[in-house]
Amino acid sequence: MAKKVLVVDDEPEMLNLMRFTLEQGKFDVVTCDSGRHAWNAIIENKPDLILLDVMLPGIDGYSLQIKISQDEATKAIPIIVMTALEPSRTLFKKFEQVKGFMTKPFKTDELLQKVEEIL
């Protein structure tokens, strides 16, 4: 059975690029375009991995990460933080479940390699 990856990003082009890349790697991909809807998507889909953008409408990626890390049902889900803001990397380092960082723009082969490595 394919591993499920939830991609949370508010840029449609980025969502489509990540979806296409991960589907080429035979992953089951669910997308969400806001932090506000991401929590429900996490609970409903129970992903094996989350690709989380930092700058999101509604609830930002950092606030969402705090919520994910404090809930028994979600705190073990590994996360890759996707960001164009390199300084935000230090904010996320304290979370054990954050297994990687990708700076936007990224190379699709590097994204696929990182996801496969974590899963």
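In the predicted model, helix 2 and helix 3 are roughly parallel to each other. Helix 2 spans residues 35–45 and helix 3 spans residues 61–70. Their axes come within 10 Å and cross at roughly 25°; because angles under 35 degrees count as roughly parallel, the pair falls into that class. The crossing in which helix 2 passes helix 3 is right-handed.

The contact between these two helices is formed on the side of helix 2 by Gly35, Ala38, Trp39 and Ile42, which meet Leu64, Lys67 and Ile68 of helix 3. Sorted by class, the residues of this contact comprise five nonpolar, one polar and one charged.

A further helix pair is formed by helix 1, covering residues 12–24, and helix 5, covering residues 108–118. The axes of helix 1 and helix 5 come within 10 Å, with a crossing angle of roughly 60°. Helix 1 is therefore oblique to helix 5. The handedness of the crossing of helix 1 and helix 5 is right-handed.

Helix 1 contributes Leu17, Met18, Thr21 and Leu22 to the contact with helix 5, where the partners are Thr108, Leu111, Leu112 and Val115. The residues of this contact divide into six nonpolar and two polar, with no charged residue. In summary, the contact of helix 2 with helix 3 includes one charged residue, whereas the contact of helix 1 with helix 5 includes none.

Terms used: Residues are numbered from 1 along each chain as its sequence is written. This is a predicted model: local features need pLDDT of at least 70, side-chain atom pairs count only at pLDDT 80 or more; totals for chains, interfaces and linings use all residues. Side-chain values use heavy atoms; hydrogens and water are left out. Axes are lines fitted to C-alpha atoms, for helices over the stretch in contact, and angles run from 0 to 180 degrees between N-to-C directions. Helices (H or I, at least four residues) and strands (E, at least two) are DSSP runs, numbered from the N terminus. Angles under 35 degrees count as roughly parallel, over 145 as roughly antiparallel, 65 to 115 as roughly perpendicular and the rest as oblique. A crossing is left-handed if the near helix is turned anticlockwise from the far one by less than a right angle, and right-handed if clockwise. Contact means heavy atoms within 4.5 Å. Ala, Val, Leu, Ile, Met, Phe, Trp, Tyr, Cys and Pro count as nonpolar, Asp, Glu, Lys and Arg as charged, and the others, Gly among them, as polar.
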